[in-house]
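Q: I would like to go through a structure with you. Could you help me read its strands and one of its loops?

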Amino acid sequence: MLQCTAFTELPEMGARVALMGLEDEPGGASEAPELDAFLLCELGEHEEGVEHAAQLPSVSASGGRDLWMFWTDGEGRRKFRFAELLPCPAVIHRLSVKDGDACVLFDRHPAAHSWDVTDPLADLMAERIREEVRRDRGDGGAEGARGGRS
């Protein structure tokens, strides 16, 4: 299943207020995480009525919960909400009963688990980076060989 392509600008003040609510210790000022200006929905493709969702980075997750931002587009404006949610308990075991990959989404998320969601843009970017590394290694070896013969 392909990843949802919806993205939104992060309402920074709302995100900072929500992150302040995550502090474990009263009065304990933790370092604020760096936030991206835009967020991409992390869910797999989903129906139009389902909220988009993106996890926000936090320095200290309270009670094992993660901070998620949800948004919908409707009536000519975008609506946001923040929620602390437990992680999805699902784990997929591919080759070993002991080792597995956990779903990185929130508990009771709609659509597929994270291991079934593919991001073609990230895959394309990773392939381009691999090509550049191969090219740099190949060119570097060729120049080194030429340089030694002069």
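Q: How many bridges join strand E4 to strand E5, and do they run parallel or antiparallel?
A: This is a predicted model. In the model, E4 (residues 66-74) and E5 (residues 77-85) run antiparallel, and nine bridges join them.

Q: Which residue in E5 stands opposite Phe70?
A: Phe70 has Arg81 opposite in E5. Met69, for its part, stands opposite Phe82 in E5.

Q: Where do the side chains of a regular strand go?
A: They alternate between the two faces of the sheet.

Q: What about the turn: how many residues are there between the strands of the E4 and E5 hairpin?
A: There are two residues between these strands. In this hairpin, Glu75 takes a positive phi near 55°.

Q: How does strand E3 pair with E4?
A: E3 covers residues 52-56 and pairs with E4 in the antiparallel sense, over five bridges. Within this region, Gln55 has Trp68 in E4 as its bridge partner.

Q: New topic: where is Ser114 found?
A: Ser114 lies in the loop that runs between strand E7 (101-102) and helix H2 (120-149).

Q: Is Ser114 buried or exposed, and why?
A: Ser114 is buried because its relative accessible area is 18%, and the cut-off for buried is under 20%.

Q: What is Ser114 in contact with, leaving aside neighbours within four places in sequence?
A: With those neighbours left aside, Ser114 is in contact with Ala102, Cys103, Val104 and Leu105.

Conventions. Residues numbered from 1 in each chain as written. Predicted model: local features only at pLDDT ≥ 70, side-chain atom pairs only at ≥ 80, totals over all residues. Heavy atoms only, no water. Helix = DSSP H or I, 4+ residues; strand = E, 2+ residues; numbered from the N terminus. Buried < 20%, exposed > 50% of the residue type's maximum accessible area, 1.4 Å probe, protein only. Contact = heavy atoms within 4.5 Å. Pairing = 2+ DSSP bridges.
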